[in-house]
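Good morning, and thank you for joining this group meeting. Please turn to the sequence and the structure that I am about to show.

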Amino acid sequence: MDPRCLAHEGLPLLDLAATASCGTSLGQLCALEAKKLEAIARKEAIRVGSAAAAKAKGGTKGQYEGKTVERSEVPRRRRAAKSAGPVLPEAGKDNVLITSALPYVNNVPHLGNIIGCVLSADVYARWCRLRPDKNVVYICGTDEYGTATEMKALQEGLTPRQICDKYHAIHRGVYEWFDIGFDFFGRTSHPDPKHSAGWPQTEIAQEIFKGLSARGLVKEQSVEQVFCTGCTRFLADRFVEGVCPHCEYDDARGDQCDSCGKLLNATELKSPRCSVDKSHSVEVRDSSHVFLDLPSLGGELTSLVEERAASKAWSSNCVATTRAWLANGLQPRCISRDLTWGTPVPHPGFESKVFYVWYDAPIGYMSMTANYTGGYESEGWRKWWQPDGSAGKVRLAQFMGKDNIPFHSVIFPACLKGSKPASASAAASSAKDRPWTVVEEMSTTEYLQYEGGRFSKSRGVGVFGDNAKDTGLSADVWRFYLLSVRPETSDTAFSWDDLAARNNSLLLAIVGNFVNRTLSLAVKAGGTVPALRPEAFGPAEAALFESADAALAEYNEALAGRSLRSGLNAALRVAGAGNSFIQATEPWTLKKEGKDAEYHNAIALALHMVHLVAVVFEPYMPSFADRVCHLLDADHLPFVPDTFNRAGTLPVGHAVLPAVPLFRPITDDDVASWRARFGGSDGSAAGAAAAASAGAAADKKGKGKGGAKGGAKGGAAKGKGKGGAKGGAAKAKAAHADTSLPPFARVDLRVGRIVRAWDHPDADKLFCEEIDCGDADGPRQIASGLRAHYTAEQLKDRLVVVVANLKPVKMRGFTSNGMVLCANSADRSKVEFVDVPAGAKVGDRVHCGDVIPAGSAPDSEINLKGKGTNPWGEIFPGLRTDSGCVACFDGTPMTVGGAQLTAPSLADAQLS
């Protein structure tokens, strides 16, 4: 886009290209830009007297009379609802059933939860509704059954249903404020699950279970579980703590060890204890459960993922995760639990048990559709979930974060496919004999971090859905920013500095600037839409049509493929084309020169472009689109077009309202205030982010001398108030953790050589090792659970990859200063060192593409159990070998000196 498009009549704006070429930073650029735009906002704040109001509205006096109009006072002109009743599939239409992962009801969603599922699905649903060939329903709700709800109720002194009522209302309120346009937002739980006959969640879950059972895909099996005698209940894995059987870490959870990262069963822990009350005694007891025979469905699931991969209907991380699950071998999956708060299992002898939440929860999409269309006995929901073909095919599109992938790509499809015989047909006379709709498209995100760390409600770190509005920023600004950093292919980080930069340089300078300039020019031209005179079109008009058409084509293609960030960039190009057109035609000059035809063409086409801008941004910022239509005093365009309408979309002579700035600049003071407020009760996030920012600024000025060591001798470490903390030690520690870096860059993975190894005297699975990692103070000691896989002699002089910046931990009296990276088979029966390429030297750092910025340094120490950020925990899920045994992070090979790391034989295996 031509940077000169930001010039404004009588008040030229900053030349972005020229300023950038002079070495001005983005932050400085946006600060200057904000000041210019703030001046425009002051200059153009509308104080409309009766004459101006009458002129703009054709005699309607006093619309904005006698006061400065703020954005919040501009009413929303909402799009008219298309249907009073439930949306059902239609013949001749692309029928799209959209769901987003059901948020669990025992917490408040943070920004990462919101962008990972409900907001992403909302953008896609809104765009689909704006395409004439599509018929759409968007279903979501709260997931309310399970152990976590029971425990939350216990903590808050409420019943499970009261907890569900409380948090369902919180979730609903959050999503309403964020302008999420569900067709239906429901819930899975019934007030009394044991007496819930007729409740769609109960009926459909049991219907599917009975279908699985009839096909011989349900097996009974006795399993050992941890029982708390004090709580008088079986404990879910996450509520059991103890000593890790692999690395001897003392505070491992029953589902996973935070130290070595290995997945666990609670019964594997040594010295187990109840995490609810550590004084309670626990014991292992047998309990009978029902298992889904996943191995028998492996062939169908493999065909499903390969078909979706070939059509590119699933995100790449979804395909990779699902293939890894299948490659590691499917195991029978327990789908029942010893709880009271859940859907009853309709199986003899299981009257006291309920379904496991990850069998039950995805069925919530179906039960909520039933509640939307009239209940379980209605045929409406089956038209979406068991279509008979009379209205064509139904396409199920699901949105979620990467942690939900296996349950939607493996477990849920397995239950749907397995509950119907192979002979099931859409032509069957009875709906119950037709096959279920199985996921067609799956859009899965990576994680959104907060200022380089993790969101934490308990510590007050990060912005959560219930306090986003307290910033004073509109939902539109939040939606725009979250969608602009949507973690589509890798983890991304929320940053206050970045939020301010994108608001000021994109929303204000491009989108808001175009709308304000156009309406201001239109009011000066008489306040109505001029007639177009095509005979006076010239090169500027031709360039506008070409740019707008290209941007619209890119926009629609991106959203059709669920590439929401690309779609947003294309929408910005539509607004940019309008800005460029105004700058190219200079209507004020045309008016002075008496070129009436060209002048009126410029005003008219700019107004028609504003109408177009409203509809292309509607999926992303629905309130903005409504307010633009109010200022245009026009209805929304019925659909997003494929090309710009050369004849215009507003009638000739139609009166528009005066301009009102719809966005405001975000200042440095705003950023500092919000960072402090949402930085946590201990100030960890705010301090680390501020220290990194201040240290970088000081280094630029030549005052910081810490460099890669975090500026401990200068910059943030010097002077009160610059590092976000008081006291040199605290500031130096914050500066050592550069939270602006990607998590992989903050982990110190490097080559080490095992000098010697010996058996741990008090742990029969552990080696004690002395490893030279290139440290100035000599070799370090590390404990590894490798005695079942190697001899001490095999370890001697071996080059290995070491995680070198973990905080030292005690392992049965031995202090371990790091971890050796290995590949593990799914059942952990085989463990292999990650092989270091020939030519690697001790101390060489492991790289992964261009993830590690040049000159950056990893954290000085990563505390796996502390309150600070844990980049190792963030990258761990993405550390795997590929099908060729190459060690990768998020699918990208890891290298030393340009050569790849590999495992000897384990493919598609977790690295830990």
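Which residue of strand 14 is the bridge partner of Phe-399? The bridge partner is Ser-443. Before I build on that pair, please note that this is a predicted model.

Let me begin with the sheet. Strands of a sheet pair through backbone hydrogen bonds, either parallel or antiparallel. Here, five strands form an open sheet with parallel pairing, and their order is 3-2-1-13-14. At the edges stand strand 3, residues 184–187, and strand 14, residues 441–445, each of which pairs on one side only. On average, neighbouring strands of this sheet are turned by 20° against each other, with direction ignored. Strand 13, which covers residues 394–401, is joined to strand 14 by five bridges in the parallel sense.

Two helices deserve mention beside this sheet. Helix 12, residues 363–373, packs on the sheet and touches strand 1, strand 2, strand 3 and strand 13. The direction of helix 12 makes about 110° with that of strand 2. Helix 14, residues 405–418, lies across strand 13 and strand 14, and runs at about 145° to strand 13.

Is helix 12 largely enclosed by the rest of the structure, or largely open? Helix 12 is largely enclosed, because ten of its eleven residues are buried. Among the buried residues are Ile-363, Tyr-365, Met-366, Met-368 and Tyr-372. Just after helix 12 comes Gly-374, which takes a positive phi of about 125°.

I turn now to a pair of helices. Two packed helices are described by the angle between their axes and the distance between the axes. The axes of helix 18, residues 564–585, and helix 20, residues 596–617, come within 10 Å and cross at roughly 170°. An angle over 145 degrees counts as roughly antiparallel, and helix 18 and helix 20 are therefore roughly antiparallel to each other. On the side of helix 18, the contact includes Leu-568, Leu-572, Phe-581 and Ile-582. On the side of helix 20, Leu-605, Met-609, Leu-612 and Phe-617 are among the residues that take part. By class, this contact of helix 18 with helix 20 has 16 nonpolar, three polar and no charged residues.

Next, consider two residues in loops. Asp-179 is placed in the loop between helix 7, residues 160–177, and strand 3. Is Asp-179 buried or exposed? Its relative accessible area is 12%, and buried means under 20%, so Asp-179 is buried. Leaving aside its neighbours within four places in sequence, Asp-179 is in contact with Arg-76, Asp-122, Arg-126, Arg-479, Pro-622 and Ser-623.

The second residue is Val-846, in the loop between strand 25, residues 831–833, and strand 26, residues 847–848. Val-846 is buried as well, with a relative accessible area of 1%. Once neighbours within four places in sequence are left aside, its contacts include Phe-744, Leu-749, Val-801, Met-894 and Leu-901. Along the chain, Val-846 and Phe-744 are 102 residues apart, while their C-alpha atoms are separated by 9.9 Å.

Finally, the cysteines. How many disulfides does the structure hold? The number is zero. For Cys-257, the nearest cysteine sulfur is that of Cys-247, 3.6 Å away. A disulfide requires sulfur atoms within 2.5 Å, and Cys-257 is therefore in no disulfide. Cys-257 counts as buried, at 1% relative accessibility. Cys-128 is also buried, with a relative accessible area of 0%.

Methods. Residues are numbered from 1 along each chain as its sequence is written. This is a predicted model: local features need pLDDT of at least 70, side-chain atom pairs count only at pLDDT 80 or more; totals for chains, interfaces and linings use all residues. Side-chain values use heavy atoms; hydrogens and water are left out. Buried means under 20% relative accessible area, exposed over 50%, partly exposed in between (1.4 Å probe, protein chains only). Axes are lines fitted to C-alpha atoms, for helices over the stretch in contact, and angles run from 0 to 180 degrees between N-to-C directions. Helices (H or I, at least four residues) and strands (E, at least two) are DSSP runs, numbered from the N terminus. Angles under 35 degrees count as roughly parallel, over 145 as roughly antiparallel, 65 to 115 as roughly perpendicular and the rest as oblique. Contact means heavy atoms within 4.5 Å. Ala, Val, Leu, Ile, Met, Phe, Trp, Tyr, Cys and Pro count as nonpolar, Asp, Glu, Lys and Arg as charged, and the others, Gly among them, as polar. Two strands pair if DSSP finds at least two bridges between them.
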